[in-house]
Amino acid sequence: MTKKITIALAGNPNCGKSSIFNNLTGARQYVSNYPGVTVEKKEGRLKYKNYEISVVDLPGTYSLSAYSEDEIIARNFIVQREADIIVNIIDSSNLERNLYLTTQLMELDAPLILAMNMSDIVEKRGEHIDYSELSKLLGHPLIPTVGNKNKGTQKLLETIIGVYERKIEFEKVYVSYGAEVREEIDKIEKILIKDEALIKAYPLRWLIIKLIEDDRLVLDVVEKSTVAGEAVEQAEKSRRHLKAHFGDSTDVIVAERRYGFISGACTQSLKLSVEDRHTVSDKIDRITLNRFAGVPIFAVVMYLIFKFTFVLSGPIVGWCEVFFDWLAGVVGGLIPQVLLRSLVVDGIIGGVGGVLGFFPLILFMFFAIAFFEDSGYMARAAFVMDKLMSKFGLHGKSFLPLMISTNGCAVPGIMATRTLENKRDRLITMMITPFMICGAKLPIFALFIGAFFPAEYSANIMFLMYVLSIIIAFGCAKLLKILVFKGESAHFVMELPPYRIPTIKGILLKMWERGWMYIKKAGTIIVLVSVIIWAGFTFPQNPVIEKGKNLTEDETAAVQMEKSYAGRFGHAIEPVIKPLGLDWRAGVALTAGFAAKEVVVSTYGTMYSLGEVDPEEADSLKESIGNDASWSPLKAVSFLIFSLIYIPCVVVMAVFHREAGSSWKWTSFMVFWTTALAWTASFIVYQAGLLFGLG
Amino acid sequence: MSEAVFPLLMVSPGKEVILVSLDGGLNFRRRLTDMGLAEGVMFKVLHSQGRGQCIVRVGNTRLAIGCGMAQKIMVKEA
């Protein structure tokens with residue numbers, strides 16, 4: 001019979017939990033050289049011998065005092081004993097700091113295994129850890145592992161089984177808090193054990209120490225117990241007593257004892273090379289974190305990413321366009337039935353092909369971003385930007401959500417705001433994250449910039465658009481901070497990972513993972529919406545064409561579109577967007593874009609494809625738009641600005657709604673505000689452009 | 001011999017100091033302590049950006065400290 005074991009992976013941010021998770025389960029969870037990438041618990045399964053092991057990867061946390069959403073998720077899972085065994089992943093190259101969490105995990109009285117990850121870095125530094133000695137000192141089994149090279153996985157699994165079957169047992173060790181503290185622990189213990197339900201739900205020793213530490217969340221738990229009054233009073237008394245005795249608040253005393261215990265364990269088991277090295281990371285930091293050059297360097301890095309992406313992907317995007325034109329011609333010739341041919345050629349190939357044509361561009365962009373992420377530079381960028389961002393009422397940690405959203409997707413971007421401790425900071429960041437140019441908006445920009453501006457400037461204009469998106473986001477953050485979310489921001493402390501040379505495999509994997517999402521979306525939702533849009537333009541068929549007019553085929557096609565359901569809808573909303581220089585077709589495309597932003601492009605693909613009667617002379621979408629006399633560069637810019645700012649797609653809105661605490665107030669505010677802002681910005685740009693004679 | 005205690009803000013890059021106290025709220029103290037900046041810990045200032053923004057090294061950890069915190073971190077010379 002197979003036995004089921006649940007294990008939880010706990011550890012500091014950026015200690016390699018996710019790589020161990022991937023090694024154990026064979027999953028390909030996102031791994032990065034940036035703290036706080038995992039914000040949700042993720043579950044995976046594996047079979048080993050006669051066991052079915054379910055592995056839960058928890059968000060990284062520095063201690064069991066939780067501050068932010070992601071840390072609360074980790075802590076609740078750990079202390080509520082949902083796992084049979086906790087595997088504490090430790091960055092061995094950073095032993096003392098990582099053991100701080102371990103000392104708290106030891107207080108849970110739960111089966112605990114210590115995985116000494118990144119053990120190769122320690123060896124490379126010429127340091128030596130006596131694992132068996134450390135294991136004895138800490139009272140738990142200890143396995144050296146190297147997550148990114150998949151070393152030690154087998155041994156870890158064996159140990160998990162051994163601990164589960166109680167074949168491996170250790171003598172329990174606790175941090176000694178000294179006689180004074182112990183007395184207070186005993187006093188509180190006598191009270192808490194009276195509530196059986198409470199000590200069944202939570203580890204007793206941990207509860208007591210957290211009470212002494214004055215932990216808000218634990219206080220809330222105890223206040224709901226049957227011994228609430230008595231326990232809270234005693235905890236208060238104990239804290240006062242200890243403070244009077246030691247002259248320090250209890251949280252400081254407890255932390256001091258823990259670090260004392262750790263430093264004792266480390267001196268006995270760790271041979272350090274003591275010299276103060278100027279590591280390569282420090283040397284690079286001297287340049288990248290330079291007080292004056294830091295921000296300009298970041299701007300240059302971003303600019304290079306765009307240059308790289310546009311210059312290298314340009315020709316390939318061109319080939320893709322040629323390919324889809326060819327495909328449309330060939331497939332069109334194969335299907336005799338008119339309506340079906342139109343559905344496939346105009347609806348699906350015209351729509352989805354328009355989106356997929358930009359796939360190479362997306363891949364190159366992901367490649368460049370993954371490179372900087374894995375190198376460790378992105379964490380520096382957050383620090384460099386902190387000063388600038390704090391001027392706009394943003395937090396240094398807001399940087400990651402914005403970065404994830406840029407070229408990626410606002411959905412994980414909004415999820416990543418969970419690392420922000422302060423609710424106000426978090427809401428502001430969530431509200432501006434969708435302004436970034438995500439992977440779905442990128443094709444819109446690439447299409448229109450390609451159609452109206454010379455190729456040699458496209459990277460630069462694109463870069464300007466990104467700068468504009470940041471200006472809008474930061475400006476809105478400032479406004480929100482002044483008008484709605486007054487008050488101090490949380491403090492910014494972040495661990496900077498060492499610089500690493502990214503592995504080609506790591507980058508390619510990441511690039512592919514995100515790229516695959518793009519393809520999957522194109523193959524599902526975009527196809528679906530494209531078909532709906534096509535149907536909207538195709539029906540009702542054969543409108544009554546006014547008698548006496550001799551229309552060419554092209555004109556007939558145009559009239560058909562205008563009189564279709566979608567066309568009528570577009571005409572109905574045209575008055576609203578006319579002051580922005582936009583016509584009914586833009587109205588349809590932008591409305592459809594609420595389903596997913598790529599749809600803006602696919603809708604134009606379908607429209608221009610339907611408008612072209614002879615498939616033999618079909619131009620690429622870019623050429624069709626560029627040659628269309630109803631457009632002008634000014635109108636295109638107005639359109640792009642509207643696309644940049646207006647309401648996020650439906651998935652983002654759903655995630656926003658959930659993460660904003662299911663508040664309809666904020667959700668409706670978001671809808672109204674983004675649309676109003678988009679309209680105003682486009683209006684100003686278009687009317688000012690006309691005034692200066694740019695129309 | 002009396003030892004001078006001063007805020008981290010005044011420490012120039014390259015200097016090593018010992019943390020004396022964290023003069024902030026409970027959350028502030030805990031956050032820093034959890035990340036390795038506890039009382040009595042020796043650490044080195046690697047870079048300073050002015051306005052209290054700085055990078056310190058505690059053990060083998062590099063910590064980035066944002067604006068407005070360095071005046072609340074009291075240290076003495078190591």
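Predicted model: local features only at pLDDT ≥ 70, side-chain atom pairs only at ≥ 80, totals over all residues.
Trainee: Before we start, what are the ground rules for numbering and confidence?

Mentor: Residues count from 1 along each chain as its sequence is written, and chains are lettered from A, with ligands numbered from 1, in the order in which they are written.

Trainee: OK, how many helices and strands in chain A?

Mentor: Chain A has 31 helices and nine strands. Those are DSSP runs numbered from the N terminus: H or I with at least four residues for helices, E with at least two for strands. The C-alpha trace spans about 105 × 55 × 50 Å along its principal axes.

Trainee: And how much of chain A is buried?

Mentor: 56% of its 695 residues. Buried is under 20% relative accessible area, exposed is over 50%, and partly exposed is in between (1.4 Å probe, protein chains only).

Trainee: Switching to the interface: how much area do chain A and chain B bury between them?

Mentor: About 3600 Å², with 48% of it on carbon and sulfur atoms. That's the accessible area (1.4 Å probe) the two parts lose on being put together, summed over both. Chain A puts in 47 residues and chain B 35, with contact meaning heavy atoms within 4.5 Å.

Trainee: How many salt bridges between chain A and chain B?

Mentor: Six, each needing a side-chain nitrogen of Lys or Arg within 4 Å of a carboxyl oxygen of Asp or Glu. One salt bridge joins Arg62(B) and Asp282(A), at 3.0 Å from N to O.

Trainee: Which elements of chain A give two or more residues to that side?

Mentor: α3 (95-106), α12 (250-269), α13 (280-288), α17 (377-391) and β9 (493-496). The largest share, six residues, comes from α17(A).

Trainee: New topic. Which residues form the nonpolar patch on the surface?

Mentor: Phe323(A), Trp326(A), Val330(A) and Leu334(A), with about 440 Å² of accessible area together. The areas come from Shrake-Rupley with a 1.4 Å probe, and for residues only the protein chains shown count as cover. Patch members have over 30% relative accessible area and no salt bridge; nonpolar side chains (Val, Leu, Ile, Met, Phe, Trp, Tyr) are joined within 5 Å, like charges within 9 Å.

Trainee: Where's Phe323(A)?

Mentor: In helix α14 (residues 294-334), and Phe323(A) is partly exposed because its relative accessibility is 42%. Leaving out residues up to four places away in sequence, Ile316(A) touches Pro360(A) and Phe364(A).

Trainee: Is Met118(A) buried or exposed?

Mentor: Buried, because its relative accessible area is 11%. Asn14(A) is buried as well, at 18%.

Note on methods
Heavy atoms only, no water.
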